[in-house]
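I opened this notebook page to record what I looked up, one entry per topic. The coordinates come first, and my notes follow.

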Amino acid sequence: MSLKNLSILLLEDDENDYLLIHDLLRQIYGAGFHLGWASTYAQGEQMVSARHYDIFLVDYQLNSQLTGVDWVTALHKKLGGKCPPTILLTGQPDVQSIDKLARQTIGISYFLTKNELNAEVLERTIRFTLKNQAVIRQAPKLVTILMADDDPDDRLLVEDAFEEIRLENPLDFVADGVELMDYLHRRGAYAHLAENPLPGLILLDLNMPRKNGREALHEIKQDELLRKIPIVVLTTSRADEDLLASYELGANSFIVKPVTFDKLVEVIRVVTDYWLCIVTLPTAVTE
Amino acid sequence: MANSERITILMADDDPDDRLLVQDAFEEIRLANPLVFVTDGIELMDYLHRRGGYTDLAGTPLPGLILLDLNMPKKDGREALKEIKSDPVLRTIPIVVLTTSSAEEDILRTYDLGTNSFIVKPVTFDKLVEIIRKVTQYWLEIVRLPIIH
């Protein structure tokens, strides 16, 4: 998708915030964007009928009787389906009530809290909004994906597949079940990760030395905290007993590793699209 | 994947509009798999245990995937999820929670109970079609599902 000459309408009554957004957009797109700034609802309505906008950025707390949410709702009534997606900006610390409000308002794709606003977050949120993400939620965070696999060739192939689909999420590797448990418990060689978020998704091979995937799966799904992290078994095994045993132990999915690289890229593409864009992950555990 | 077109998908949802929308979404993406509906947790458990109104299904394969609403009368989705994931046979069937709830406690609690995925129901039909397309692509084409009789 081309993000060149993106046209953005900002409804914001605070000039300092307008200047900040303008500055961030310049950092992201250079000169290749158009930013329309409306400081009142009436002005915004006028600007919308004068030209096309790809995206709305709307401040929630406006210095008037209407909130940003009222404005989005009113414009949706007026423009119907032709209303571009909206990112709601808020300075409010009560993220949960804003989250609820944003979800109940048709047209709002994401909300951003102003204190976490920077070029990287804004760029990613705009990109996700334009990709028409199905689920409304807080600005996307890049969860870490952890792969446990003892075969260095398989690890390399998965790494290449991630590069092929240009996935930005950090990808970590462990080579057996013992390393996997050390990584998840932040102990041994992984003690320095104590403050880092846990992975949001685990890709688990079944046949590994020292501690195999079945044992690790069993241990993880017995652990009150770790059991919430989705585990996708990714194995060369086609045995029905491995399939049933994995689901019985609580694997979230069972996938047979494809033999060709092209097919692997396709599998990784669908798997990451499903878990990162469609599913809501238990990020409260992993952040 | 072989035989994936024969896998039945079971949806538990008490809202007739939501059931109709999902049915329409399945038609939209031309999915040939049988789609069966139950409207609350009691019916869901009866269906899975082939009892009550479902004794005639005894001997036929269980659904390969369950789409589960959380808020339903009589027995809600959380209770049904807990029962299914405590059952040695039924627990192998993947369950995708599909709910309007995005409450953190529902997300954490259902993953804790063993849901295979948690998905927030979208508000527009277009997005629902997109979600159903991706969900069925993932579970029917990429994942290997258990087939239990």
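Predicted model: local features only at pLDDT ≥ 70, side-chain atom pairs only at ≥ 80, totals over all residues.

Entry 1, a single pair. I began with A:Met147, which stands opposite A:Phe173 in strand 8 of chain A; strands here are DSSP runs of type E with at least two residues, helices are runs of H or I with at least four, and both are numbered from the N terminus.

Residues are numbered from 1 along each chain as its sequence is written, and chains are lettered from A and ligands numbered from 1 in the order in which they are written.

I looked up pLDDT, the predictor's confidence in each residue from 0 to 100, and found that chain A averages 87, with 91% of the residues scoring at least 70. Over residues 133-139 of chain A the value stays under 50, and for this stretch the model has 26 contacts beyond four places in sequence, a contact being two C-beta atoms, placed from the backbone, within 7 Å.

Which way do the residues of strand 7 of chain A point? I found A:Ile145 and A:Met147 on one side and A:Leu146 and A:Ala148 on the other, and all are buried, that is, with 20 or more other C-beta atoms within 10 Å of their own C-beta, placed from the backbone. Strand 7 of chain A pairs in the parallel sense with strand 8 (residues 171-174) over four bridges, where pairing requires at least two DSSP bridges, and A:Leu146 has A:Asp172 as its bridge partner there. Strand 9 (residues 201-204) of chain A also pairs with strand 7 in the parallel sense over four bridges, with A:Ile145 opposite A:Leu201.

Entry 5, the sheet. I then followed the order 8-7-9-10-11 in chain A, an open sheet of five strands with parallel pairing. Strand 8 and strand 11 (253-256) of chain A are at the edges with a single partner strand each, so one side of each has no neighbour in the sheet.

I counted 27 residues of chain A in contact with 28 residues of chain B. Helix 9 (240-249), strand 11, helix 10 (261-278) and helix 11 (283-286) of chain A each supply at least two residues of the side that touches chain B, and the largest share, six residues, comes from helix 10 of chain A.

How values were computed. Buried ≥ 20, exposed ≤ 12 C-beta atoms within 10 Å, placed from the backbone.
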